[in-house]
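Trainee: I am new to this structure. Could we go through some of its labels and what stands behind them?

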Amino acid sequence: MSNGYETIGRTPLQLVVGVDNIKIICKDGRVIQLSYEEQEIKNFLHTQITQHQITSIQALSKVMGWQVLQSSTHLGVGHMEKIGNAAGIMMISPTGERVLAIRNGPNSGVRVAVQIPKNQQNGTESRSDVIVDPKWDNLGGYFKEVDMDRMKGRNLVNKIELLMAALN
């Protein structure tokens with residue numbers, strides 16, 4: 001679980017230590033057999049941590065009123081991780097003005113980007129008579145990466161909570 005967020009995100013798994021192997025039973029029913037190689041166990045745990053962080057952020061987004069656009073614990077885009085799989089999530093603020101994209105990999109670490117709406121890029125607002133709902137003005141735009149090392153917070157989930165609050 002994530003420190004301070006025990007009620008929203010838990011990733012239970014069971015380790016069965018045998019004589020010549022370790023059996024892992026995951027929450028979703030998957031059974032994984034590992035040898036006693038230290039690196040195998042490390043790789044598995046690093047992958048579980050990245051997946052847990054993304055599922056915790058997904059639960060947090062629901063609590064804070066953000067809408068999840070996409071979430072995956074096994075991303076097939078971006079560069080390939082040396083071990084395990086990257087996890088990611090994209091969510092939109094309650095007002096529909098900001099999109100937050102998060103990619104978390106066991107080796108590459110976390111990358112967070114915020115979408116800058118097209119109407120805020122150049123400072124001019126070009127409203128159309130045909131499109132009346134302002135949410136469509138935010139389509140397009142580009143993403144700007146957030147330096148997570150400079151953000152305050154105890155852990156990744158706490159930093160994302162603070163970022164979501166600031167963008168809201």
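Trainee: Which residue in E3 is the bridge partner of Ile24?

Mentor: In this predicted model, Ile24 has Ile32 of E3 as its bridge partner.

Trainee: What makes strand E2 and strand E3 a pair?

Mentor: Pairing takes at least two bridges. Strand E2 (residues 22-26) and strand E3 (residues 31-34) are joined by four bridges, so they count as paired, and they run antiparallel. Four residues lie between the strands of this hairpin, and Gly29 takes a positive phi near 95°.

Trainee: Why is Arg103 called buried?

Mentor: Buried means under 20% relative accessible area. Arg103 has 16% relative accessibility, so Arg103 counts as buried. Arg103 is found in strand E6.

Trainee: How do you know that the side chain of Arg103 makes a polar contact with the side chain of Glu81?

Mentor: The cut-off for such a pair of N or O atoms is within 3.5 Å. For the side chains of Arg103 and Glu81 the value is 3.4 Å, and the pair is a polar contact. Leaving aside neighbours within four places in sequence, Arg103 is also in contact with other residues, including Leu75, Val77 and His79.

Trainee: Which residues touch the most other members of the largest nonpolar core?

Mentor: They are Ile57, Met91, Leu100, Ile102, Val112 and Ile160, in a core of 20 residues. H3 gives the most to this core, with five residues. Not counting residues up to four places away in sequence, Ile160 touches Ile57, Met91, Leu100, Ile102, Val112 and Met148. A second, separate core has five residues, among them Ile24 and Phe44.

Notes:
Residues numbered from 1 in each chain as written. Predicted model: local features only at pLDDT ≥ 70, side-chain atom pairs only at ≥ 80, totals over all residues. Heavy atoms only, no water. Core = buried A, V, L, I, M, F, W, Y, C linked by side-chain atoms within 4.5 Å. Buried < 20%, exposed > 50% of the residue type's maximum accessible area, 1.4 Å probe, protein only. Helix = DSSP H or I, 4+ residues; strand = E, 2+ residues; numbered from the N terminus. Contact = heavy atoms within 4.5 Å. Polar contact = N/O pair within 3.5 Å; in protein donor to acceptor, adjacent residues only side chain to side chain.
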